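Subject: Structure for you to look at

Hi,

Here is the structure I promised to pass on, with my notes below it. Please have it open while you read.

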Amino acid sequence: MPFPPAHQSAAANAADLPGLGRFFHPTGSVPLPAGDGAFPFFTGGTMYDKFAPLLEQALTEPGIVSQAFRRFHRFSIGNQILAALQLRQKCLPLSPIASFSRWKALGRSVCKGQKALSLWMPITVKRCGTNAVSDDSGDPGGSEEVFTRFKLAPRWFSLEQTEGEAYAEPVESPHWDAEAALAALDITLEHFDYLDGNVEGYAVERRIAVSQLAEHPHSTRFHEMAHVVLGHTLEGDCHDAASTPRSVREAEAEGVAFLLCSILELPGRDESRGYIQSWLKNGQLPERSAQRIFSASQKILEAGRPVSQPTVTH
C-alpha cells in the first residue's frame, strides 16, 4: 500500500531530520482489515505461541488493552492481553486470576474439569556454541551465554473457575507521570526547533522533542521515547546494513505508542493503527519486533508509575 502524502514527503526527506521523526498523517487514510478474525489468535481452540498475533489482536479489538490492564495490572502487558483474550474465548468475564496453589491459599478451589489459562513465563537458558540448553543442568561455564526466553505455561484460573470463600480484588486505575519516566529512562525532553511543519517530533541519541502543533502530543512523546528505548537512535547514527529498516523502526515505535495510549485511555489510537499499517504496507510485523514492542512498552509504563504501585509479577 502506498504511503499517504504526508508519509511520502517524510520518507523522501528522512535524511534531513536531526534524528528519527514522527510525521503528521491524515486520519483514517489507511484502511485496516475488517471483520472479526482479521488477525486470528485462536484457531480451532488452538492458541498461537507467538507475540505478533497477540499484538495484531490488540490492534483490532478496541478497548481490550485498557480493560485488560485495569483487571490484570500485576502482570506484564502481553500477559494482560493474553489473559483477557482467553477469558473472552471461554465466555468468562475479566476477573481476578491466580494459580491453583494461590487460590487454595485464598480459601478457594478450582472447579472440576476447568482448564487453566496459559501465560508467558520467562525461562533462563544457556547457549553452548550453537546449542541452547535448559539452565537446570548446572551453572553456565565461562564460554556459555545465558539469556531469557518465554514459553506458554497453563497455570492460571479465573475467579469464576473456582469456588469457596468470597474474594474481591480492586480494579486498577492507570497512573503515569511523564517527567518521572523521562528521568528514570535517562531521556531528555528538549525544545522542538525543527522548521518542517510536517514533523510532529523527533529523537536524537537520548533526547526527544515534540512539536507544539502535534495533534496528540502524548502519543508523539511515547513514539519518540520508544525510539530511544528500542535503540533506534543509536542505529540511526550508524549507516551499515545491519541497522533495522526504517519502516520497521517506525512501526515498532508506533506500536509502543498505541499500547501505552490504550492502557492510559488517551486519544490517538485510531491514528496509530493507520500509521503502523502505512509503514508496513500491509506486511506482517516480524515476531521479533512484536516482542520488542511489548518489552519497550513495559519499560516506559513502569518508569512512570508511582513507586507505591505493585511491580509486575509475570
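How many of the 18 residues of H9 are buried? The count is 17, so H9 is largely enclosed by the rest of the structure. Buried here means under 20% relative accessible area, exposed means over 50%, and partly exposed is in between (1.4 Å probe, protein chains only).

Before going further, a word on the ground rules. This is a predicted model, in which local features need pLDDT of at least 70 and side-chain atom pairs count only at pLDDT 80 or more, while totals for chains, interfaces and linings use all residues. Residues are numbered from 1 along each chain as its sequence is written, and side-chain values use heavy atoms, with hydrogens and water left out.

**The overall picture**

The protein has 11 helices and 12 strands; these are DSSP runs numbered from the N terminus, with helices (H or I) of at least four residues and strands (E) of at least two. Of its 314 residues, 48% are buried. Among contacts (heavy atoms within 4.5 Å) with a separation of 6 or more, 70% are between residues 24 or more positions apart. The exposed surface comes to about 15,200 Å², with 52% supplied by carbon and sulfur atoms; the areas come from the Shrake-Rupley method with a 1.4 Å probe, and for residues only the protein chains shown count as cover.

**Back to H9**

Leaving aside residues up to four places away in sequence, Ser262 touches Val65, Ser66 and Arg269.

Just after H9, Glu265 has a positive phi of about 55°. Glu265 sits in the loop between H9 and helix H10 (269–280) and is partly exposed, at 39%. Asp186 also deserves a look: it is not a glycine, yet has a positive phi of about 60°. Asp186 lies in the loop that runs between helix H6 (178–184) and strand E10 (188–189), and is exposed, with a relative accessible area of 52%.

**The aromatic rings**

Eight aromatic pairs turn up in the whole structure. Rings of Phe, Tyr and Trp (its six-membered ring) pair if their centres lie within 6.5 Å; planes under 30 degrees apart are stacked, over 60 edge-to-face, and the rest tilted. Phe51 and Trp120 are a stacked pair, 4.3 Å centre to centre with 15° between the planes. Phe51 is in the loop between strand E3 (46–47) and helix H2 (52–60) and Trp120 is in strand E6 (residues 117–128), so the pair ties together parts 69 residues apart in sequence. Phe51 is buried at 10%, and Trp120 is buried at 6%.

Trp176 and Phe222 form an edge-to-face pair, at 5.0 Å centre to centre and 65° between the planes. This pair links distant parts of the chain, 46 residues apart, with Trp176 in the loop between strand E9 (162–164) and H6 and Phe222 in helix H7 (residues 217–229). Both Trp176 and Phe222 are buried.

Ring pairs also join Phe51, Trp120, Phe150 and Phe294 into a cluster. Finally, the charged end of Arg221 sits over the ring of Phe222, 5.9 Å from its centre (the criterion is NZ of Lys or CZ of Arg within 6 Å of the ring centre and within 35 degrees of the ring normal).

Best wishes
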